[in-house]
Structure formats: C-alpha cells, structure tokens
Amino acid sequence: QVQLVESGGGLVQPGGSLRLSCAASISIFSINAPGWYRQAPGKQRELVAAITSGGSTNYADSVKGRFTISRDNAKNTAYLQMNNLKPDDTAVYYCKAKVQWNGSSWDSWGQGTQVTVSS
C-alpha cells in the first residue's frame, strides 16, 4: 500500500527552524489537500496546518505567523516550514493527504517524524 513518508524532523533549540517534507512512498503517485498534524505525549493528535483542495491554507492559532505549509506539485511533495520553534512544539508530526493515481484517490498517513525543541 502506498504511504506517505515524512522527513526533516530532529532536535532544535528554541527559536530555531526546521522544514518537514511529505511525499508518497512511490514517486509517481501525487498528493492533494495535504495537512500536518502533531501529537505530543499524553495529548490528542491536533491539526497544525493544511491546504484545502481549493488551495487555501488553515493554521492552528498556536502556530500562526511561525509555520508555513506549502506544496511543490512538480515534486509531489508538501512542506511545513517551522520557524521560531518553542518547547511546546515538541511532538511527533504526521502528514496526511489524499494520494492520487490512475483516477483513484484515498486518504493516507505518514509514519510520523519526531520534532524536539529543547536547549
């Protein structure tokens, strides 16, 4: 089954930046309406940012002005640029998107990538 693959997580100091990437595990598959979610220990998974099928973007209030979601259609890849990171941003970040191929479309999740913000 085709899945999404995230990359770009890691350990960063407060105030630092990271860029997460998300693509289908098979490059010929395209993705649409990507969204980034995160789950911190002991907390529910929450939506961080998303691009709707119409192209508009939505952000959680806690990340507005610091995070930017984008997509590169030529590379079938979605990104989450995270600036001015705070310790509260520490979580596993997941990508969700509609994977499309040969006229079919289905929702898929990535395996998650750890982001740790600590000095």
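## Cys 95 and the disulfide

Cys 95 has a relative accessibility of 0% and therefore counts as buried. The model is a predicted one. Cys 95 is bonded to Cys 22 in a disulfide, with 2.0 Å between the two sulfur atoms. Cys 22, also at 0% relative accessibility, counts as buried.

A search of the whole structure finds one disulfide. It links distant parts of the chain: Cys 22 belongs to strand 3 (residues 18–24) and Cys 95 to strand 9 (residues 91–101), and the two cysteines are 73 residues apart. The torsion about the S-S bond of Cys 22 and Cys 95 is about -75°, so this disulfide is left-handed.

Thr 77 is part of strand 8. Its relative accessible area is 10%, and because buried means under 20%, Thr 77 falls in the buried class.

A polar atom of the Thr 77 side chain lies 2.8 Å from the backbone oxygen of Lys 75.

## Salt bridges

Side chains of opposite charge can pair when their charged atoms come close. The count for this model comes to five salt bridges. One of them joins the side chains of Arg 66 and Asp 89, at 2.8 Å from N to O. Arg 66 sits in the loop between strand 6 and strand 7 (67–72), while Asp 89 sits in the loop between strand 8 (77–82) and strand 9, so the pair ties together parts that are 23 residues apart in sequence. Both partners count as buried: Arg 66 has a relative accessibility of 8%, and Asp 89 has 2%. Salt bridges that share partners join Arg 66 and Asp 89 with Arg 38 and Glu 46 in one network.

Within that network, the side chains of Arg 38 and Glu 46 meet in a salt bridge with an N to O distance of 2.7 Å. Arg 38 is buried, at a relative accessible area of 7%, whereas Glu 46 counts as partly exposed at 36% relative accessibility. Another salt bridge is formed by the side chains of Asp 61 and Lys 64, at 3.1 Å from N to O. Asp 61 has a relative accessibility of 64% and counts as exposed.

## The loop at Gly 55

Gly 55 is placed in the loop between strand 5 (46–51) and strand 6 (57–59).

Gly 55 and Ser 70 are 15 residues apart in sequence, and their C-alpha atoms are 9.8 Å apart in space.

Terms used: Residues are numbered from 1 along each chain as its sequence is written. This is a predicted model: local features need pLDDT of at least 70, side-chain atom pairs count only at pLDDT 80 or more; totals for chains, interfaces and linings use all residues. Side-chain values use heavy atoms; hydrogens and water are left out. A disulfide is a pair of cysteine sulfur atoms within 2.5 Å. Helices (H or I, at least four residues) and strands (E, at least two) are DSSP runs, numbered from the N terminus. Buried means under 20% relative accessible area, exposed over 50%, partly exposed in between (1.4 Å probe, protein chains only). A salt bridge is a side-chain nitrogen of Lys or Arg within 4 Å of a carboxyl oxygen of Asp or Glu. A polar contact is a pair of N or O atoms within 3.5 Å; within protein, one must be able to donate a hydrogen and the other to accept it, and residues adjacent in sequence count only if both atoms are side-chain atoms.
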